[in-house]
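We start at a helix pair, move to one residue, then zoom out.

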Amino acid sequence: MGENDAYDADWDGLIERLEGLDCVRAVPGMYVGDVRDGSGLLFAVETLLYPALDEHLAGRCDRVDVTLCADGSVEIRAETSGYVRGDYGEVFPGATQLATLRGGSARSDRVRFGRFFVGVAVSNAVASRFSVTYPHGGRRWNVAFSRGRLVTVNSCVDPLARESTVVRFTPDPTIFGSPWLTAESLLQRVRGIAYALPGLTMTFNAVHRPGPPTVLCFRDGVADLVRARVDAGAVLSAPFAFSACEPDGSSSLMRVEVALQWSAEGSGFIVGITNGVQTNEGGAHVVGLQDALAPTLAAYAAETGHAGSSAWITREVVTARLDAVVSVWHRAPRYSAATRQRLISWELAPIIKGMVQRHLYAWLKAHPEEAQTLIKHLRDEAKEQEEIRLVEETLRLRERRAR
C-alpha cells in the first residue's frame, strides 16, 4: 500500500462528501452571511432579484414586483424570462439551472448587478420551499424544490405567451434564527435598488399592512436619493448631478453617476455604490470624489475674485455638510474582503476625480448665481470651523495652565 493509500485510509469515514446544494446548507453563512441577525436572509432574497436586475441592465425588463406574504415567504414577479436560459440538455428545463451553483465572481464582459453572483441556487438551498414559474418553449413551467431538492416539475401550454417569471421563496426556519423578514428592511433594500436603477419600476407590498403597494421609480437615480435625504436647509436649489461614461473607455469602468448637495445644517453623508450595491466602507470611488471637490471649488473661487480661496476651501470644509452619492458600474470590481464593503479598484480614483472635476467646473461656470451661493456657504463653514478651532485651543491652554 502506497503512502497516498495510507493517507486516504486514515481519513476514510471522517470526511463527509456533500453533493448538490448540501454544501450550502452545511455552512450557509459562507454564502449568504449572518443567518441570525436577518442580514443573511435579506441577502438571500436580494439574490433572487439579481437575474431580473441584470435583464433590466440589458434592456429586457422594466418592472419588478416584490411581495412579503403573510406566512413570511417572499414572492418576486418580473417581466422577464431571464431566470432560465436555454435548456442545458434538460428533460425539464430549469430543474438543473435552479439548483446549480455558479461562479462567485462578478467579472464579466458586461456589468452585472450586485457584488457577486453564485446563482439563485443559494437561495434555493436555504429555503424550506422554493418555486419558480417561467416561460420556456411556448409553455409555462413550474419547478418546485424543498431544501434544495427537486420536488415537482409541471408545465402547460401558454396561449398568451407571457414572458413574466414568478419566484416564491420560503425561508427555512432550521437555518435562519428568525425566518421572518421585516417589511421595513425589505422595503429599504428595494428602494435602494430602485434609486440605483433609474427607469426601473419596482413595487413593494406587505400583505399584512393596509394600503396599496409602494411604487418606486426614480428617473433621476442618485440625484433623487440625495434630494430625499436632504429634507431642509439645502444650499443649492437642486442637487448637482451627472451621469457619464469613462472618456476613453480604456478601463472596465462603464459608467459613473454622481449627485451632490450641501445643507445648512446636519453632518452630511457620502455614499459609495458599486454595481447597484452600497459599499459601506467607501473605497476608490469615494476617494476619487473627495479628491476632486476642494481643488475644483478653490480654482473657481479664485477665478471669480475670492482671494486666498485655496487656503480656506479645504477637504474638511467642503465635506463638512456635504450630502453626496457616487455610483460606479464596473465590469470587474475588486474589494478588500469577502464582505465586499470597500472598493479597492484604486485605478478608478484618478479617473473619477477627473470626471468630477470636469463636470463640476462646467456646472459652476454655467450656474454663476448657484456657484456664488455655494462659495458663500463654504466661506461661512470655514469661519465656523476656525472659530471652533480657536475655542478648543483656548480651552486646552487653560487646562495646561490650571495644571
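Select Leu42, Val45, Glu46, Leu49 and Leu53 in H4, then Ser185, Leu186, Arg189 and Ile193 in H6: these two groups meet. Contact here means heavy atoms within 4.5 Å. By class, the H4 contact with H6 has 6 nonpolar, 1 polar and 2 charged residues. Ala, Val, Leu, Ile, Met, Phe, Trp, Tyr, Cys and Pro count as nonpolar, Asp, Glu, Lys and Arg as charged, and the others, Gly among them, as polar.

This is a predicted model: local features need pLDDT of at least 70, side-chain atom pairs count only at pLDDT 80 or more, and totals for chains, interfaces and linings use all residues. Numbering runs from 1 along each chain as its sequence is written, and side-chain values use heavy atoms, without hydrogens or water.

Now show H4 (residues 39-57) and H6 (residues 183-196) whole. Their axes, lines fitted to C-alpha atoms over the stretch in contact, come within 11 Å and cross at roughly 30 degrees. H4 is therefore roughly parallel to H6 (angles under 35 degrees between N-to-C directions).

Next, select Thr170 in strand S6 (residues 165-171). Is Thr170 buried or exposed? Thr170 is buried, with a relative accessible area of 18%; buried means under 20% with a 1.4 Å probe, protein chains only. Leaving out residues up to four places away in sequence, Thr170 touches Ser73, Ala127, Ser128 and Arg129.

Finally, show the whole protein chain. Look for 12 helices and 13 strands, which are DSSP runs (H or I, at least four residues; E, at least two) numbered from the N terminus. Buried residues make up 48% of the 403 residues.

How values were computed:
Buried means under 20% relative accessible area, exposed over 50%, partly exposed in between (1.4 Å probe, protein chains only). Axes are lines fitted to C-alpha atoms, for helices over the stretch in contact, and angles run from 0 to 180 degrees between N-to-C directions. Angles under 35 degrees count as roughly parallel, over 145 as roughly antiparallel, 65 to 115 as roughly perpendicular and the rest as oblique.
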